[in-house]
Amino acid sequence: MKKTIALLLVLVLAAAGLFAGGAGESTGADSSTYVIGFIGPLTGDNANYGIRCSNAARLAIDEINAAGGVDGKQLQLIAENSLGTVDGAIAAYEKLVYSDNVCAIIGPVFTSPALAVAQRCYEDGIAMITPSATHRDVTSVGDYVYRTVPSDSLQAEVAAHYFYEVLGYRNIACLYAMNDYSQGLAEGVEEIFTELGGTVSAMETCMVGDRDFRTQLGAIRSTDAEAIYIPNYTVEDAQILEQAYQLGMDLPFLSSDGFSDPEIYNLAPDFTDGVIYVGPAQAEASTTLSDFQAAYSAAYNGDQPDSFATNAYDALYILAAAIDRAGSADREAINTEIKATTDFSGANGIINFAANGDMIASQGVYEVEGTTPVYVGSFQVVDGSIVQVD
Amino acid sequence: MATLVQYLQYLLNGITLGSIYALIALGYTMVYGILKFINFAHGDILMVGAYTGLLTYTALLGDSTNPVWMLTAFFIAMLVSMAFCAALGMFIERVAYKPLRSANRLAPLLSAIGVSFILSNGAAWIFGAQSRRFPYPFDDTPIVIAGLSITPHQILTIVVSVVMMVVLTLFVNRTRMGKAMRATSLDQSTSELMGIDVNRIISMTFAIGSALAAVGGILCSFDFRVYASMGTMTGLKAFVAAVIGGIGNIQGAMIGGLLLGVLESIGAPLLGIPSALRDTIAFAALIIILLVRPEGILGKNEREKV
Amino acid sequence: MLNFFQLIIIYAGIYALMAIGQNCITGNTGMLSLCHAGFFCIGSYATAIICKTFGLPFWFSLPVAALASGIVGFLIGVPTLRLKGDYLCIATLGLGEIIRNIATNVNPVGMMSVPRAQLFGYQFSSRNKFTFILLIWFFVLIAYILFRQLAHSRLGRAMVAVREDEVAAASNGINVTKYKIGAFTLGAAVGGTAGCFATAYTLTVQPSSFTFMVSVMVLCMVVLGGMGNLLGVILGAFIIEFISYFPQLVGLSSVIPAQASQIIYGLVLVVMMICRPQGILGRDKYRYGDPRSTFSKLRDAVKSRKGGEVKA
């Protein structure tokens, strides 16, 4: 028995050792294409975010390839499932970087996997652009980490100023999920809103996946809040809106870019009227966004992209431009070129990167009329007060 | 400040939430009562039931807005979904659990987990990852009485779960088939010797349990939406409800479900802790109840492990 | 691909430790517990807090993690182990969920950029997988030897006796409660150390990754490998991890739909269980709720030890 075990262990270690030599070698990279990796949840509870982002990235790639590719070479997207977990994201990363030898990564979609992958990207020297990981810590991991989504602190700043200065609320309540995205926004808004002199009379929490929010709404009703801020994922927001109606509450609702998912209008079409949310800015003169939305809808059976998918689309174009300027699949050169991106004009307006890789952009404000979001304008906070950019 | 009305509203919310748990727990408890194994796939059958119901309902309804036809279509959809899930439940039992009936008790548990994976990912594949709304087949304007509001679909859920409980109790206690089920649950091999077709009884149990899951799936999708992984957490909560009430006991499932719903709804404001900790409250209550009554509230106290 | 295989071996090692812990609870002592994800969580956080917040070396976190999850296991065990069978299962499942729920409420983002493990100045980097494999499988080996010895000791035999028949064990002078709590604490401690290595490899702790599905998977590994058979459960851990990541290993994952690989995974579980319900290296004789007489089971249990086999 002991011998068998010893033998087995030796075999495993020997096999692993043999493979160790092969770890660094480049495999399978076809020199006639540029291979780009995508990491996101393609199965599980939050799969729709991952699927939309990968669809958008794939659409961008198809468009670029149809237009002749990047300096004569075609782009190829390899999408890997992160399962929404750290383990899964690391496995996807390993596969993309070592087996597929990708030149850069789009993703991961959620913050925690993004933090784990960002660490590895920083060590291995490969650029990643996340379309949706909003937590402020993501880009603080180090170089090589970028995002085409505003960090939660940026969005919260604009949101809090807008609620206080433009909408004139002095007392709001928050109902947010305990996850990196919602908590980051809710706490950011609470902090800034209070600094401005407003009151946040309730900070009610829930878990992602909860479907009953009547207790929290009941608690908010007993405060004298003028509006409720709900920076959550689509399904939670839909439930909150409907259950507030069922409880006979008619407070106005404020939300975040999670609300830009058109799915909300299928889930709660009767209750979205009047919701004001902060989302991506739009370049007024450009038709990139509407073109993208039409193309996406045509390519994926009428499904509509959300703002994170739009971010993924922009991320891919930014990456393609960087590859073009770098002129090779060299990871270092591509990283340098992504960093050098200036005034990129994408579906979400004009994008620049700060030194830490955060996106610098103004924020758009939308007001929902019935089931149609109407663009109010884009805003920035300058010297402690909100300024409408256009 | 929380007022009395507010707490009454919490209580009411808890009862409506709990009646959903109760409805699903009934199916769980049926299967467990006979086979003594945790059917992890029950939650996923619920999901299949919700999708089948939704598809049938939208197909039947078409563009019609006739209120009578809407209700009729809804009940037809429910029957179709129950039939489909009953067949599915029997099929799963046949393929994945029956070969393991004599194996150790954990083998079917694993098999059930495999089935659960297949069903939920299969649904995600076919229907996509988005959630869907189950349109109300009736006017769902909330009814407000003395500051307390409740909606028609919540009343429907409560009524259906009570009716189901009564029907099931009568079925198990008063019919021949029910008697055979009780006998099988007590001792399979002796029942077989007494001339009971145990295979048929087990098949029937799965059919009934799965049909109940279909009803639960449709009714809970008003509140929970329809999506591929909807059964996982709902199923788990329902199972907890069944255990609290005393698993294998039909009235127990009802009591457990209501208790769990009320605890989730009222626990956090009562204790003054964040609502995101409601699962902690629910599970802590489960553990405390089990410690006080190791067989659940209405469970029979079996002297030794079976 | 070769690199990816190493990753699977690392993950398999982490889960093998978990499975060894679970085996001590379920395989040896016969308690159906579903809160290994909770112990895993505690171990992971212990490492993250000790290495990052306190800046202490990784090696220091190993005993702390084991101790912390052991203590939690003990505290959980004392009240709940009075419960039997599925009631214990659901109570422990609830505890696992409570641990995750609290961890999420304390900090939903988790911890990141945890410093790496070092040995004599050598850093166990996630890039150099071979040394990491050596590190983790060294500890798997230690756990294996320890638990093998344990199984042969008086303690281990008492545990088996408790599993086979509590009443008979008690009437033979075995303090059933003591052994149950002991086994549970020990299993929890090993689960905690698995968390250490997971953190040391991914350098990130995320509370939402400790769902009850993790506990279920660990239980799967034990049942699949063969309950009570240490080598079996290690093999089970390897097989489950291998199946999970097989599509990525061979590059199929980007070709077939993501759900398809999950469906295949489910199918494999069902088929494997139907083909070998007692587990790959498990023995047919041992069954839960076996109606055979207490004495013949006990006799078999004692007999099987004479051949030096750990199987039961």
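Start with chains A and C. The contact draws 43 residues from chain A and 40 residues from chain C. Keep in mind that this is a predicted model.

Which elements of chain A supply two or more residues to that side? They are helix H1 (2–22), strand E2 (74–81), helix H3 (86–99), helix H4 (111–124) and helix H6 (180–195) of chain A. H1(A) gives the most, with nine residues. By class, the side of chain A that touches chain C has 21 nonpolar, 13 polar and nine charged residues.

Now chain B against chain C. Here 37 residues of chain B touch 39 residues of chain C. Three elements of chain B give two or more residues each: helix H4 (106–127), helix H9 (230–245) and helix H11 (278–292). H4(B) has the largest share, 13 residues.

On to the backbone. A:Asn301 is not a glycine, yet its phi is positive, near 50°. It sits in the loop between helix H10 (288–299) and helix H11 (307–326) of chain A. Is A:Asn301 buried or exposed? A:Asn301 counts as exposed, because it has 7 C-beta neighbours inside 10 Å, and the cut-off for exposed is 12 or fewer.

The second case is B:Arg225. Its phi is also positive, about 70°, and again this is no glycine. B:Arg225 lies in the loop between helix H8 (198–224) and H9 of chain B. With 21 C-beta neighbours inside 10 Å, B:Arg225 counts as buried, since the cut-off there is 20 or more.

Conventions. Residues are numbered from 1 along each chain as its sequence is written. Chains are lettered from A and ligands numbered from 1 in the order in which they are written. This is a predicted model: local features need pLDDT of at least 70, side-chain atom pairs count only at pLDDT 80 or more; totals for chains, interfaces and linings use all residues. Two residues are in contact if their C-beta atoms, placed from the backbone, lie within 7 Å. Helices (H or I, at least four residues) and strands (E, at least two) are DSSP runs, numbered from the N terminus. Ala, Val, Leu, Ile, Met, Phe, Trp, Tyr, Cys and Pro count as nonpolar, Asp, Glu, Lys and Arg as charged, and the others, Gly among them, as polar.
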